[in-house]
Protein chains: 2
Amino acid sequence: MTTQLFVKMTLDAWHSRVKEADKIIDALSDEQLMNEVAPGRNRGIYLLGHLTAVHDMMLPLLDMGPQQFNNLNEAFIDNPDKAIAQLPSAAELRQAWKTANATLADNFSKMQPDDWFQRHTAVTDEKFATEPHRNKLNIIISRTSHLSYHAGQLALLKK
Amino acid sequence: MTTQLFVKMTLDAWHSRVKEADKIIDALSDEQLMNEVAPGRNRGIYLLGHLTAVHDMMLPLLDMGPQQFNNLNEAFIDNPDKAIAQLPSAAELRQAWKTANATLADNFSKMQPDDWFQRHTAVTDEKFATEPHRNKLNIIISRTSHLSYHAGQLALLKK
């Protein structure tokens with residue numbers, strides 16, 4: 001019961017933050033996404049691509065299958081904004097963002113509470129034996145903060 | 001054991017995000033704190049005061065005693081930036097920020113894992129009986145996201 005409860009608390013927070021980010025992104029026009037969140041800083045389109053790629057990478061990290069959008073890694077993970085001239089369109093990124101999150105939600109719904117306390121794929125069995133907090137649920141906790149951090153920046157693009 | 005592990009995961013995330021925000025704030029000069037995070041948006045000093053007041057309000061919410069800095073509520077909770085002309089100095093806010101977080105950390109260290117699953121003070125016993133996720137640990141989860149959201153904005157002030 002307690003395990004079920006705190007898995008719910010953690011997943012509720014994730015889904016709330018995704019929904020909040022959706023709302024911010026949906027309220028921005030494609031033109032607004034091309035603006036920098038503050039002078040000289042990342043553009044909205046970069047943050048949208050970055051969040052999408054990071055969420056998509058959660059699939060292999062949580063042992064839920066391969067990335068769906070590894071074509072985004074170069075522009076949005078390996079390089080900073082403006083390093084890659086040719087980016088996917090805003091429409092394409094908006095779709096990838098929704099799909100990546102929907103795929104995660106679908107996989108999450110199939111997990112049993114105890115499954116979340118298994119190791120994630122970036123930690124070895126040996127390490128995990130002494131560091132049991134490096135489990136799948138902890139990925140959700142850290143990625144929720146990552147999402148909030150950038151959502152606060154995307155919100156600055158709203159008129 | 002699992003309860004202890006989950007509480008550790010949640011508190012580790014909180015402490016990491018506080019440390020990260022500390023680093024951002026400490027790297028900003030008092031002059032930089034007076035700048036808006038983006039044109040027409042909140043100033044750094046407002047976000048510092050807002051985060052401090054919100055963290056300070058966690059004390060009564062977690063049943064850990066009264067607020068220490070309720071003098072900040074009017075300027076940083078009840079009103080938006082620039083509504084109140086006379087704000088505390090940056091030095092005063094920096095100190096209150098450290099003190100509020102240190103007081104929370106001190107109280108957190110005295111909690112037993114199960115204590116975190118008690119209701120917080122903004123939910124009634126009746127509600128809590130059917131909504132057991134509205135516990136003290138859930139306050140930490142939501143405030144960690146709140147902190148990350150604004151830390152992402154404060155980071156934009158760095159040169």
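Helices are taken here as DSSP runs of H or I spanning at least four residues, and strands as E runs of at least two. In this predicted model, chain A contains seven helices and zero strands. Its elements accordingly read α-α-α-α-α-α-α along the sequence.

The overall dimensions of chain A were examined next. Its C-alpha atoms occupy a box of roughly 45 × 30 × 25 Å along the principal axes. The radius of gyration of chain A is 16 Å, which agrees with the value near 15 Å for a compact globule because that is what the rule gives for 159 residues. Among the contacts in chain A with a separation of 6 or more, 69% join residues 24 or more positions apart.

Of the 159 residues in chain A, 53% are buried. The accessible surface of this chain amounts to about 7,400 Å², and carbon and sulfur atoms contribute 50% of that area. Chain A carries 17 positive and 19 negative charges, whose mean positions lie 6 Å apart.

In soluble globular proteins, nonpolar side chains tend to be buried together. The largest nonpolar core of the model comprises 104 residues. Within this core, the members touching the most others are Phe108 and Trp116 of chain A, listed as Phe108(A) and Trp116(A), together with Phe108(B) and Trp116(B). The surroundings of Trp116(B) were considered with its neighbours within four places in sequence left aside. On this basis, Trp116(B) contacts Val7(B), Leu11(B), Leu62(B), Met64(B), Phe108(B), Met111(B), Leu137(B) and Ile140(B), as well as Asn135(B) and Lys136(B).

Notes:
Residues are numbered from 1 along each chain as its sequence is written. Chains are lettered from A and ligands numbered from 1 in the order in which they are written. This is a predicted model: local features need pLDDT of at least 70, side-chain atom pairs count only at pLDDT 80 or more; totals for chains, interfaces and linings use all residues. Side-chain values use heavy atoms; hydrogens and water are left out. A nonpolar core is a set of buried Ala, Val, Leu, Ile, Met, Phe, Trp, Tyr and Cys residues joined through side-chain atoms within 4.5 Å. Buried means under 20% relative accessible area, exposed over 50%, partly exposed in between (1.4 Å probe, protein chains only). Contact means heavy atoms within 4.5 Å. The radius of gyration is taken over C-alpha atoms; the globule rule is 2.2 Å times the number of residues to the power 0.38. Accessible areas come from the Shrake-Rupley method with a 1.4 Å probe; for residues, only the protein chains shown count as cover. Lys and Arg count as positive and Asp and Glu as negative; His and the chain ends are not counted. The place of a charge is taken as NZ of Lys, CZ of Arg, CG of Asp or CD of Glu.
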